Amino acid sequence: MCRRALQRQAGIKSGDRLRFKVSPHTITITAVEPPTYKPTKAELAAIRKGEAEIARGEYVTLTDLLDDLDPPRRR
């Protein structure tokens, strides 16, 4: 049986997430449920904005951020 026929019979679509469990003489394949959390529109907008800033080279290293948050102790 070809791969596509097996996928169709099992109800697996391209892009589905799968979990493989291997034991002696057996491989069990189960579908993994998609994450239940879906970002809000505001969160998606913030993510896009952050990614654009990173692409432009506008970012702060973790060390710089920590130094700015706690200057008396770090200097």
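1. Start with glycine 11: just after helix H1, glycine 11 takes a positive phi of about 75°. Helix H1 covers residues 3-10. Helices here are DSSP runs of H or I with at least four residues, strands are runs of E with at least two, and both are numbered from the N terminus. Of the eight residues of H1, the number buried is zero, so this helix lies largely in the open. Buried means under 20% relative accessible area, exposed means over 50%, and partly exposed is in between (1.4 Å probe, protein chains only).

2. A word on what you are looking at. This is a predicted model, in which local features need pLDDT of at least 70 and side-chain atom pairs count only at pLDDT 80 or more, while totals for chains, interfaces and linings use all residues. Residues are numbered from 1 along each chain as its sequence is written, and side-chain values use heavy atoms, with hydrogens and water left out.

3. Now follow the chain from end to end. The chain has four helices and two strands, and from the N terminus on they run α-β-β-α-α-α.

4. What radius of gyration does the chain have, and what would a compact globule of 75 residues have? The chain has 23 Å, whereas the globule would be near 11 Å. The radius is taken over C-alpha atoms, and the globule rule is 2.2 Å times the number of residues to the power 0.38. Along its principal axes, the C-alpha trace spans about 65 × 35 × 25 Å.

5. Burial comes next. Of the 75 residues, 0% count as buried. The chain exposes about 7400 Å², and carbon and sulfur atoms supply 57% of that area. Accessible areas come from the Shrake-Rupley method with a 1.4 Å probe; for residues, only the protein chains shown count as cover.

6. Leu18, Phe20, Val22, Ile27 and Ile29 make a nonpolar surface patch of about 500 Å². Such patches are made of residues with over 30% relative accessible area and no salt bridge; nonpolar side chains (Val, Leu, Ile, Met, Phe, Trp, Tyr) are joined within 5 Å, and like charges within 9 Å. Strands S1 (18-23) and S2 (26-31) each supply at least two residues of the patch, and S1 gives the most, with three.

7. Threonine 28 and isoleucine 12 are 16 residues apart in sequence and 14 Å apart in space, C-alpha to C-alpha.

8. Which residue has a positive phi although it is not a glycine? Histidine 25 does, at about 65°. For background, most residues other than glycine have a negative phi. Histidine 25 lies in the loop between S1 and S2 and counts as exposed at 87% relative accessibility.

9. Finally, the charges. The structure holds one salt bridge, meaning a side-chain nitrogen of Lys or Arg within 4 Å of a carboxyl oxygen of Asp or Glu. In this bridge the side chains of arginine 56 and glutamate 58 meet (3.1 Å, N to O). Arginine 56 counts as exposed at 53% relative accessibility, whereas glutamate 58 counts as partly exposed at 44%.
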